Amino acid sequence: MRNRPGRILGVVVGAVIALTVLVVWLSTSRSTTELAVGSPEQTVQSYLQALTRHDAVEAARYLDPSSGCEVADLEQDGLPEGLRVTLADSTVAPGTGAPSARVTVLVRFGDGPLGGSGPGTSETHLFQLTRPGQQWLISGTPWPLYACKGVPK
């Protein structure tokens, strides 16, 4: 009978460890949402995925050449580890010239202010896009950039 509290404690500790392993596995195995091919949302997703892979050349393919942002600008800004981006909103306006779109994303950084579980910090970022031809292109200075060398200040 004296050993019973030790067994109960062992079972509880084992259950906590198993639950922790399950939570970690679920949080790291989330799949990426597949967006409609050729959509403004997919363009933003592809741009951010290229930046996550540190592929500035690929990321630059999604930028409107008139934005003034170049590969060298993208090479200077990296995305932090543990970043999570979700689509918040998108709108497409046909316009009189080239169609335009706005894609808003919610960016979440880390788990919490002290590295523990919790909401961490988040930011909302707006991407503006144009479609001068068959492909949507990000215009202006897109996040995570705040300035580009080719853009006059």
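This is a predicted model: local features need pLDDT of at least 70, side-chain atom pairs count only at pLDDT 80 or more; totals for chains, interfaces and linings use all residues.
Reader: Where does Leu83 sit, and which residues does Leu83 touch?

Author: Leu83 lies in the loop between helix 4 (71–76) and strand 1 (84–93). Leaving aside residues up to four places away in sequence, Leu83 touches Val107, Arg108, Phe109 and Trp143.

Reader: What makes helix 2 largely enclosed by the rest of the structure?

Author: Ten of its 13 residues are buried, so helix 2 is largely enclosed. Among those buried residues are Val44, Tyr47, Leu48 and Leu51. The buried residues pack against helix 3 (56–60), helix 4 and strands including strand 2 (100–109) and strand 3 (121–130). Helix 2 also lies across strand 1, strand 2, strand 3 and strand 4, at about 120° to strand 3.

Reader: Why are strand 1 and strand 4 said to stand at the edges?

Author: The four strands form an open, antiparallel sheet in the order 1-2-3-4. Strand 1 and strand 4 each have a single partner strand, so one side of each is left without a neighbour in the sheet.

Reader: How do you know that strand 3 and strand 4 pair?

Author: Pairing calls for at least two bridges. Strand 3 and strand 4 have three, in the antiparallel sense, so they count as paired. As for residues, Leu129 has Ile138 in strand 4 as its bridge partner.

Notes. Residues are numbered from 1 along each chain as its sequence is written. Side-chain values use heavy atoms; hydrogens and water are left out. Helices (H or I, at least four residues) and strands (E, at least two) are DSSP runs, numbered from the N terminus. Contact means heavy atoms within 4.5 Å. Buried means under 20% relative accessible area, exposed over 50%, partly exposed in between (1.4 Å probe, protein chains only). Axes are lines fitted to C-alpha atoms, for helices over the stretch in contact, and angles run from 0 to 180 degrees between N-to-C directions.
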